[in-house]
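Q: Could we go through this structure together, starting with its domains and then turning to the ligands and helices?

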Amino acid sequence: MAKILLLGSGELGKEFTIAAKRIGQTVIAVDSYANAPAAQIADFAEVINMLDGKALDALVEKYKPDYIVPEIEAIRTERFYEYEKKGYTVIPSAKAANFTMNRKAIRDLVSKELGLKTAKYRYATSAESLKEAVAEIGMPCVVKPLMSSSGKGQSTIKTETDIEKAWKYSQDGSRGDVAEVIVEAFVNFKYEITLLTVTQRNGKTLFCPPIGHRQERGDYMESWQPAPMKSEVLKEAQQMAEKVTTALTGCGIWGVEFFVADDGVYFSELSPRPHDTGMVTLAKTQNFNEFELHLRAVLGLPISDITQERIGASAVILATENSENPIFEGLEIVAASQKTDFRIFGKPTSRPYRRMGVVLTHDKLEGNISEVTEKAKNLASKVNVTSAKN
Ligand SMILES: Nc1ncnc2c1ncn2[C@@H]1O[C@H](COP(=O)(O)OP(=O)(O)OP(=O)(O)O)[C@@H](O)[C@H]1O
Ligand SMILES: NCC(=O)N[C@@H]1O[C@H](COP(=O)([O-])[O-])[C@@H](O)[C@H]1O
Ligand SMILES: [Mg+2]
């Protein structure tokens, strides 16, 4: 039985923990707050600031885990190199976690070293240098903190007057301890996809059918699988994903994000772990969902192939207000619908736009992907997150 130290315990970690518990593994769920989703079902739970290297060291020393599995970006990942030296296994690898925690490291690697196509970009460290960067990149452009996820601190600059606002917003939304931002030219893409890619100990890389998604405020709203696309475009994305994951090294599932535009496929970013848009695989669209695939890759259990079993979609249930005790209205409408399922993550508090759950729909392989997606979106809109009256 392996001991897994899970660093981050949100909805993705919760499903990963469920997969691990199903096959008898031990999970220590870590997050910055008590009673996080994965902490509710793991064997042990710890609350620390994961950007604090000493606190991380103490946990590794305490549990001596077989696998260290990051679930968020904002971790003092520099320490991971030390853990690897001491013989610990970091998933997918110290390099992968360290490079992807900071948009600068991964972007420079992908664009400068690997030569993959990305949006034109610059960095800025102040409102003043942001102005210069915007002048070089042109408008519209997208500003993101170097350390953030789910669109936190991200905004689009359309006119000069947005620059100051974008800087302030980026500083409020940054999850890490660096003040720098990346400025990217706005890619006018036709559609965007997540290509879930699995790297295995036996050296065989596998790809899931592509996942399409729609984002608002830099955060995903609906995802669907498979995303209709030409096979040669998919192949190009697969080759790019293989290059990046090979350079970052290690085993696990990766969510590799691409924009598909008239002038080709752009690499956007990647997660060295299950991806939020990949929650669509909870609709049993594949023989293994993304969490089961990650677990198998972590444990070194071979995956012979990944097959699409049916089509599916996911749509998020977002909170609209702050609450210390959120409850959900309208779930009976979702439950009454055929070929439909849902997850409530069990986050102990809500705030505006916090993702609290997801609606899942599916149909047979011959079904209509737009209809399945519309259905998920429509049902998710029927769920209201409110405060329990006590
Ligand atoms: N350069 C760009 N041009 C056009 N749209 C963009 C650009 N960068 C980001 N976006 C839009 O914003 C979304 C979120 O961006 P990105 O994935 O970089 O943010 P994130 O905070 O890392 O999100 P997550 O952690 O959820 O993956 C993208 O999926 C895309 O829809
Ligand atoms: N795009 C990354 C992503 O979706 N990450 C998921 O969201 C959680 C944080 O949620 P919170 O901000 O509601 O605590 C993370 O722990 C992870 O499961
Ligand atoms: Mg993203």
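Predicted model: local features only at pLDDT ≥ 70, side-chain atom pairs only at ≥ 80, totals over all residues.

Q: Into which domains is the protein divided?
A: There are domain 1 (3–90), domain 2 (120–185) and domain 3 (191–387); the bounds come from an automatic or database domain assignment.

Q: How many residues of domain 1 and domain 3 are in contact?
A: On each side 14 residues take part, where contact requires C-beta atoms, placed from the backbone, to lie within 7 Å. The side of domain 1 that touches domain 3 receives at least two residues from each of α1 and β4 (67–70); helices (H or I, at least four residues) and strands (E, at least two) are DSSP runs numbered from the N terminus. Helix α1 has the largest share of that side, with seven residues. By class, that side of domain 1 has eight nonpolar, two polar and four charged residues. Here Ala, Val, Leu, Ile, Met, Phe, Trp, Tyr, Cys and Pro count as nonpolar, Asp, Glu, Lys and Arg as charged, and the others, Gly among them, as polar.

Q: And how far apart are the C-alpha centres of domain 1 and domain 3?
A: They lie 22 Å apart.

Q: Moving to ligand 2, which residues are the closest?
A: Gly10, Leu12, Ser149, Ser150 and Asp276 are the closest of the 13 residues that surround ligand 2; a residue is near a molecule if its C-beta atom, placed from the backbone, lies within 6 Å of it. Helix α1 (residues 11–22) gives the most to this shell, namely three residues. The shell has two nonpolar, five polar and six charged residues.

Q: Why does ligand 2 lie between domain 1 and domain 3?
A: Because both domains give residues to the shell around ligand 2.

Q: What about ligand 1; how many residues surround it?
A: There are 19, and the closest are Ser149, Glu184, Val187, Gln215 and Gly218. Two or more residues come from each of the elements β7 (141–145) and β15 (264–271). Domain 2 and domain 3 each provide at least three residues of the shell around ligand 1. Four of the shell residues are nonpolar, eight are polar and seven are charged.

Q: Change of topic: how do α1 and α9 cross?
A: The axes of α1 and helix α9 (residues 290–299) come within 9 Å and cross at roughly 60°. Axes are lines fitted to C-alpha atoms, for helices over the stretch in contact, and angles run from 0 to 180 degrees between N-to-C directions. That angle makes α1 oblique to α9; under 35 degrees counts as roughly parallel, over 145 as roughly antiparallel, 65 to 115 as roughly perpendicular and the rest as oblique.

Q: Which residues make the contact?
A: From α1 they are Glu15, Phe16, Ala19 and Ala20, and from α9 they are Phe291, Glu292, His294 and Leu295. Five of these residues are nonpolar, one is polar and two are charged.

Q: At what angle do α6 and α7 cross?
A: The axes of helix α6 (residues 127–137) and helix α7 (residues 162–173) cross at roughly 125° and come within 9 Å. The two helices are therefore oblique to each other. Ala127, Leu130, Lys131 and Val134 in α6 meet Ile163, Glu164, Ala166 and Trp167 in α7. That contact has six nonpolar, no polar and two charged residues.

Q: Lastly, where are the cis peptide bonds?
A: One joins Ile91 and Pro92, with omega about -10°, and Pro92 is in the loop between β5 (89–90) and α4 (94–100). Another joins Met139 and Pro140, with omega about -5°, and Pro140 is in the loop between α6 and β7.

Q: What is the phi of Lys64?
A: Lys64 has a positive phi of about 45° although it is not a glycine. Lys64 is found in the loop between α2 (53–63) and β4. Most residues other than glycine have a negative phi, and most peptide bonds are trans.

Conventions
Residues numbered from 1 in each chain as written. Chains lettered and ligands numbered in written order. Contact = placed C-beta atoms within 7 Å.
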